[in-house]
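Student: Could we go through this structure together? I would like to begin with a helix and then turn to the cores and the strands.

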Amino acid sequence: MKTKLKSIAVVMALVTLISSFSAFSASAKGLTYSVTSAKGKKGDTVTVSVKISSDIEIWGANLMLEYNPSELEVVECKTGSAAATGSLHNTGSSVNFSGMFASQSGTVYTVKFKILKGYGIANITLKSTENTDLNGKTYSSSIKQGKITVDNPATGDVNNDGNVTAVDARYVLQAVAGIKTLNSSQKKLVDMNGDGKITAVDARFILQVVAGLR
């Protein structure tokens with residue numbers, strides 16, 4: 001009797017183990033969207049791509065790539081090889097895709113941005129809704145976000161307009177006179193001689209850069 005009970009216990013344990021493995025295998029399936037990153041300077045045009053990677057037969061979805069219009073300007077957007085049919089719409093703060101997929105992996109759409117931000121990170125955020133299969137079943141997705149890194153402006157560009165001009169030299173002289181206050185980033189940009197101080201010498205160096213002497 002004990003042997004029989006032991007055998008039943010072993011069988012039940014195996015059934016539980018197999019069930020757990022099956023549940024794990026099912027949960028391993030997933031849908032992932034990702035956004036590529038880019039890097040450039042103010043005024044540059046960079047391209048980012050929205051990609052899909054899925055082991056679920058996703059039929060279609062709505063995707064929204066949000067951006068800050070004060071930092072980025074959309075130059076062009078177009079669908080990629082993973083998109084079968086659908087529409088792209090730039091709302092002024094997001095580029096939205098609504099349509100069907102031709103493939104479960106690859107590029108859904110690309111967006112070309114002109115960088116308006118002076119330096120730092122221009123954030124882009126992807127959101128997805130209504131990920132459905134052919135039977136109308138909906139799925140959640142994981143998203144790997146990208147970013148656009150804006151290189152530091154040229155040394156001397158204190159007003160962060162993308163150019164070194166006499167205006168920057170004037171800013172330095174105004175800072176020396178106490179008329180303007182420069183933040184820590186600006187001070188690093190205009191310390192032309194690297195002495196750790198902001199003086200009229202730095203303004204003179206900036207004017208020499210403008211004149212092509214440096």
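Tutor: In this predicted model, helix H4 spans residues 200–210, and its buried residues are Asp202, Ala203, Phe205 and Ile206.

Student: Why do they lie on the same side of H4?

Tutor: They lie on the same side because the arc they cover around the axis is only 160°. In general, an α-helix has 3.6 residues a turn, so residues three or four places apart point the same way.

Student: Which helices do the buried residues of H4 pack against?

Tutor: They pack against helix H2 (166–176) and helix H3 (184–190).

Student: And what follows H4?

Tutor: Gly212 follows H4, with a positive phi near 80°.

Student: Changing topic: which residues touch the most other members in the largest nonpolar core?

Tutor: That core has 31 residues, and those with the most contacts to other members are Val48, Leu65, Tyr109, Phe113, Ile124 and Ile148. Elements giving two or more residues to this core include strand S1 (31–35), strand S3 (45–54) and strand S8 (105–115). Another core, of eleven residues, lies apart from it; Val164, Ala175, Leu182 and Ala203 are among its members.

Student: Which residues of S1 are on the covered face, and which on the uncovered one?

Tutor: Leu31, Tyr33 and Val35 form the covered face, whereas Thr32 and Ser34 form the uncovered one.

Student: How many bridges link S1 and S3?

Tutor: Five, in the antiparallel sense. Tyr33 has Ile52 in S3 as its bridge partner.

Student: What about S11?

Tutor: Strand S11 (residues 142–144) runs parallel to S1, joined by three bridges. There, Ser34 is partnered with Lys144 of S11.

Note on methods: Residues are numbered from 1 along each chain as its sequence is written. This is a predicted model: local features need pLDDT of at least 70, side-chain atom pairs count only at pLDDT 80 or more; totals for chains, interfaces and linings use all residues. Side-chain values use heavy atoms; hydrogens and water are left out. A nonpolar core is a set of buried Ala, Val, Leu, Ile, Met, Phe, Trp, Tyr and Cys residues joined through side-chain atoms within 4.5 Å. Buried means under 20% relative accessible area, exposed over 50%, partly exposed in between (1.4 Å probe, protein chains only). Helices (H or I, at least four residues) and strands (E, at least two) are DSSP runs, numbered from the N terminus. Two strands pair if DSSP finds at least two bridges between them. The arc is that of the directions from the helix axis to the C-beta atoms. Contact means heavy atoms within 4.5 Å.
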